[in-house]
Amino acid sequence: MAIQDNQVVSIEYEVRDGDEIVDSNMGGAPLVFMYGKGQIIPGLESGIKDMNIGDKADVLVKAADAYGEYNAEATQEVPKEQFAGIDLQEGMTLYGQGEDGGTVQVTVKEIKDDTVVIDFNHPLAGKDLMFTVAINNVRDASAEEAMTGVPEENKPSDDEGCCGTGGGSGCGCN
């Protein structure tokens with residue numbers, strides 16, 4: 001039976017870019033998500049739709065359905081002094097704050113005499129990815145899970161406190 005929207009799905013996966021493994025949770029904690037809520041890349045979500053508990057398959061996800069096509073214009077040249085105290089190396093990943101206040105991941109593309117070229121593309125943008133996926137579990141979401149989009153497995157446990165810090169009610173998120 002096909003996986004339905006608002007079902008909670010638990011998977012193990014390995015992601016390859018050619019022969020290189022770029023991410024894996026095989027043998028570790030499964031990835032748990034709400035199907036149909038856009039919580040995983042679109043190509044993987046559509047690629048597992050007809051799978052069942054216990055199934056394992058290779059799913060090829062084209063770049064457009066993964067992290068998007070590479071956008072050559074998504075770079076910016078910034079003054080080198082903005083990176084004071086950082087041992088810059090080409091290819092390294094940095095995190096900063098975007099205009100909207102959210103976290104932005106960039107890659108150092110080129111280091112020039114007075115400037116640094118940073119790349120805002122996801123490191124896997126423009127790449128077709130091969131996922132080896134095993135479906136561990138599929139279940140219907142509770143009413144609360146369907147409403148919030150957060151599977152019970154992804155909520156902090158009581159012993160972790162409300163923020164996952166062990167801070168309990170004093171952590172500011174009552």
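## A buried partner in a salt bridge

In this predicted model, Glu-145 has a relative accessible area of 2%, and because buried means under 20%, this residue counts as buried. Its side chain meets that of Arg-139 in a salt bridge, with 2.7 Å from N to O, while Arg-139 is partly exposed at 24% relative accessibility. Salt bridges that share partners join Arg-139, Glu-145 and Glu-153 into one network.

The model has eight salt bridges, among them one between Asp-128 and Lys-62, whose closest N and O atoms are 3.6 Å apart. Asp-128 sits in the loop between β8 and β9, and Lys-62 in the loop between β4 and β5, 66 residues apart. Asp-128 is partly exposed at 36% relative accessibility, and Lys-62 is partly exposed at 46%.

Another salt bridge joins Glu-77 and Lys-112, with the closest N and O atoms 3.4 Å apart. Glu-77 belongs to strand β5 and Lys-112 to the loop between β7 and β8, so this pair ties together parts that are 35 residues apart in sequence.

## The nonpolar cores

The largest nonpolar core has 21 residues, and those with the most contacts inside it include Leu-44, Phe-131 and Val-133. Strands β1, β4 and β9 each give two or more residues to this core, and β9 gives the most, with five. Leu-44 touches residues including Ile-11, Val-59 and Phe-131, when residues up to four places away in sequence are not counted.

## Confidence in the model

The chain averages a pLDDT of 90, but pLDDT stays under 50 over residues 161-174. Where pLDDT is low, the predicted coordinates should not be read in detail.

Notes: Residues are numbered from 1 along each chain as its sequence is written. This is a predicted model: local features need pLDDT of at least 70, side-chain atom pairs count only at pLDDT 80 or more; totals for chains, interfaces and linings use all residues. Side-chain values use heavy atoms; hydrogens and water are left out. pLDDT is the predictor's confidence in each residue, from 0 to 100. Contact means heavy atoms within 4.5 Å. A nonpolar core is a set of buried Ala, Val, Leu, Ile, Met, Phe, Trp, Tyr and Cys residues joined through side-chain atoms within 4.5 Å. Buried means under 20% relative accessible area, exposed over 50%, partly exposed in between (1.4 Å probe, protein chains only). Helices (H or I, at least four residues) and strands (E, at least two) are DSSP runs, numbered from the N terminus. A salt bridge is a side-chain nitrogen of Lys or Arg within 4 Å of a carboxyl oxygen of Asp or Glu.
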